[in-house]
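This report goes through one protein structure part by part. The sequence and the model come first, and the description follows.

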Amino acid sequence: MTPALVLAAHGTRSAAGERTLAALAETVRNARPGRRVELSYLEISSPLLAEVLPVVRGPVVVLPLLLAGGYHAHIDLPEVIAEHRPDAVVAGWLGPHRLLTSALARKLARAGLRATDAVVLGAAGSSDPAALADVRAAAHQLAVRLARPVTAAFASAGWPSLEEAMECLSSTPAARVAVASYVLAPGFFHDRLSTAGAGLVSEPLGADPDVAALIWHRYDEALRNRRPAGGRHTLATP
């Protein structure tokens, strides 16, 4: 039996965020017709991962809809899986990856990125240094794609903060600051990025076809490597 794919998002109080994640799940389904794909959440939104896992019959791959590691990837998710589906195969989180770089560059272009703009990769942030390193690696990949420096900045935990990055870049010759939204959906963190005073802010990654393709890549990768629940993800592809 082909393993079902259970997507585990963080959860949001934003109705627009929930609609965006539902649209992403539908894009993932459409990419491989006939495969079972379920969307769940670790907290706040419903259905919760703890509710979904017991009712999915047969083998299952759980994929964290997270752009970097951190508490939710290392603590929350493994605890839920250990209690409800210890047989599940766990996929790695999404970033960094060249498919995310493509989606970020495309959304910046649609938002009106100029050759003279300074670019910030705006992420949620984490107290986990490895998660911050994931984001900085994503910023480096975007810098290579855009052929200009890209500063990783964080809306919550992490240095530099979004405010610090904006203050630093405001003293440079750049005409304006453009923020590449390194978030999956509208909500608290995208609101923080949108109100930071940048000249433009790209849309969340959302139901982008490249994000859906990356999800299936992580799914295939997990089945090849059979990573146990709670294992450290080290399989990011440049």
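Two strands count as paired if DSSP finds at least two bridges between them. Helices (H or I, at least four residues) and strands (E, at least two) are DSSP runs, numbered from the N terminus. The model is predicted, so local features need pLDDT of at least 70 and side-chain atom pairs count only at pLDDT 80 or more, while totals for chains, interfaces and linings use all residues. Residues are numbered from 1 along each chain as its sequence is written, and side-chain values use heavy atoms, with hydrogens and water left out.

## The sheet

Strands of a sheet pair through backbone hydrogen bonds, either parallel or antiparallel. Here an open sheet of 4 strands has the order β6-β5-β7-β8, and the pairing is parallel. The edges are β6 (150-154) and β8; each has a single partner strand, so one side of each is left without a neighbour in the sheet.

Strand β5 (residues 118-123) pairs with strand β7 (residues 177-181) in the parallel sense over 5 bridges. Within this pairing, alanine 118 has valine 177 of β7 as its bridge partner. β5 is also joined to β6 by 5 bridges, and these two strands run parallel. There, glycine 122 has alanine 153 of β6 as its bridge partner.

Burial is judged by relative accessible area: buried is under 20%, exposed is over 50%, and partly exposed is in between (1.4 Å probe, protein chains only). In β6, 4 of the 5 residues are buried, so this strand is largely enclosed by the rest of the structure.

## Helices on the sheet

Contact means heavy atoms within 4.5 Å. Axes are lines fitted to C-alpha atoms, for helices over the stretch in contact, and angles run from 0 to 180 degrees between N-to-C directions. Helix α5 lies across β5, β6 and β7 and runs at about 150° to β6. Helix α6 (residues 162-170) also packs on the sheet and touches β5, β6 and β7, with its direction at about 145° to that of β6.

Leucine 142 is a residue of helix α5 (residues 129-146). Is leucine 142 buried or exposed? Its relative accessibility is 0%, so leucine 142 counts as buried. Not counting residues up to four places away in sequence, leucine 142 touches Thr101, Leu104, Ala105, Leu108, Val119, Leu121, Val150 and Ala180. Its C-alpha atom is separated by 9.9 Å from that of histidine 97, which is 45 residues apart from leucine 142 along the chain.

## Helices α4 and α8

Two packed helices are described by the angle between their axes and the distance between the axes. Helix α4 (residues 98-111) and helix α8 (residues 209-225) pack at an angle of about 170°, with axes 8 Å apart. Angles under 35 degrees count as roughly parallel, over 145 as roughly antiparallel, 65 to 115 as roughly perpendicular and the rest as oblique; α4 and α8 are therefore roughly antiparallel to each other.

On the α4 side the contact is made by Leu99, Leu100, Ser102, Ala103 and Arg106, and on the α8 side by Asp210, Val211, Ala213 and Leu214. These residues divide into 6 nonpolar, 1 polar and 2 charged, where Ala, Val, Leu, Ile, Met, Phe, Trp, Tyr, Cys and Pro count as nonpolar, Asp, Glu, Lys and Arg as charged, and the others, Gly among them, as polar.

## Salt bridges

Side chains of opposite charge can pair when their charged atoms come close. A salt bridge is a side-chain nitrogen of Lys or Arg within 4 Å of a carboxyl oxygen of Asp or Glu. By this rule the count is 9 salt bridges, and the table gives three of them.

| Salt bridge | N to O distance |
|---|---|
| Arginine 36 and glutamate 38 | 2.9 Å |
| Arginine 106 and aspartate 208 | 2.7 Å |
| Arginine 106 and aspartate 210 | 3.1 Å |

Arg106, Asp208 and Asp210 are linked in a network of salt bridges. Arginine 106 lies in helix α4 and aspartate 208 in the loop between β8 (200-201) and α8, so this pair ties together parts 102 residues apart in sequence. Aspartate 210, in helix α8, is 104 residues apart from arginine 106. Arginine 106 is partly exposed at 27%, aspartate 208 is buried at 4%, and aspartate 210 is buried at 18%.
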